[in-house]
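Visitor: I would like to go through this model term by term. For each label, please give me the value and the criterion behind it.

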Amino acid sequence: MSYHSRQMCIVEMRFSGAVSVAEFIQWFDQLEHLLQSKQYFVLLMQTAPNTTFPDEYRQLQAVWYKKNKSQFFQYCQGLARIAQDEEDQQRLNTPALHAAWQVPYFVSTAYADALHWVTQRWLKHET
């Protein structure tokens, strides 16, 4: 018998409204679970207009990133950001952000383009 099954792990993160500390930590817990289970994944990230984050979100992000960055680099196969508009796309698509994430990184204003990109990243990983 010959059988093959494939599962794509695309983690889609969408923040909107007033994001609480608990919601921000929930996001990190989800990623940490993937890392601890040694699960390869691709990220698709989007923040809606007028979204607000807790004051301490940058500090929380820095601590999490420092703790998990080596595993993040190992298991994250790519990160696509969906920008709100062209100005947001320019803000998110800088050499500094490409370097900071240290994984393949893509920014688009179109959801379909970002989804296509993460799917291609996943398929490249699978071959």
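Guide: This is a predicted model. Its largest nonpolar core has 34 residues, and Val11, Trp27, Leu31, Phe41, Leu43, Phe72 and Leu79 are those with the most contacts inside it.

Visitor: What makes a set of residues a nonpolar core?

Guide: The members must be buried residues of the nonpolar kinds, joined through side-chain atoms within 4.5 Å. Buried means under 20% relative accessible area. The 34 residues of the largest core are therefore counted as one such set.

Visitor: Which elements give two or more residues to this core?

Guide: They are strand 1, helix 1, strand 2, helix 2, strand 3, strand 4 and helix 5. Helix 1 gives the most, with six residues.

Visitor: Which residues does phenylalanine 72 touch, not counting those up to four places away in sequence?

Guide: Phenylalanine 72 touches Leu35, Phe41, Leu43, Trp64, Tyr65, Trp101 and Val103. Contact means heavy atoms within 4.5 Å, so each of these residues meets that limit with phenylalanine 72.

Visitor: Why is tyrosine 111 called partly exposed?

Guide: Its relative accessible area is 32%. Buried is under 20% and exposed is over 50%, so tyrosine 111, at 32%, falls in between. Tyrosine 111 is in helix 5, residues 111-126. Leaving aside neighbours within four places in sequence, its contacts are Glu12, Arg14, Leu44, Gln46 and Ile82. Leucine 44 is 67 residues away along the chain, with a separation of 9.0 Å between the two C-alpha atoms.

Visitor: How do you know that strand 3 and strand 4 pair?

Guide: Four bridges join strand 3, residues 76-82, to strand 4. Pairing takes at least two bridges, so the two strands qualify. Arginine 81 has valine 107 in strand 4 as its bridge partner.

Visitor: In what order do the four strands form the open sheet?

Guide: The order is 1-2-3-4, with parallel pairing. Strand 1 (10-15) and strand 4 (105-108) are the edge strands, as each pairs on one side only. From one strand to the next, the twist averages 15°.

Visitor: Where does helix 1 lie?

Guide: Helix 1, residues 21-36, lies across strand 1 and strand 2 (41-47), at about 170° to strand 1. Helix 2, residues 57-75, packs on the sheet and touches strand 2 and strand 3, making about 90° with the direction of strand 3.

Visitor: How much space lies in the largest pocket?

Guide: About 770 Å³. Of its 31 lining residues, Met45, Tyr57, Gln61, Arg81 and Trp101 are the closest to the centre. Helix 2 gives the most to this lining, with seven residues.

Definitions and conventions: Residues are numbered from 1 along each chain as its sequence is written. This is a predicted model: local features need pLDDT of at least 70, side-chain atom pairs count only at pLDDT 80 or more; totals for chains, interfaces and linings use all residues. Side-chain values use heavy atoms; hydrogens and water are left out. Buried means under 20% relative accessible area, exposed over 50%, partly exposed in between (1.4 Å probe, protein chains only). Axes are lines fitted to C-alpha atoms, for helices over the stretch in contact, and angles run from 0 to 180 degrees between N-to-C directions. On a 1 Å grid over the protein atoms alone, a cavity is a set of points where a 1.4 Å probe fits but cannot get out, and a pocket is an open set with protein on both sides within 12 Å along at least five of seven lines; lining residues have an atom within 4 Å of a point. Grid points are joined across faces, edges and corners, and a volume is the space filled by probe spheres set on the points.
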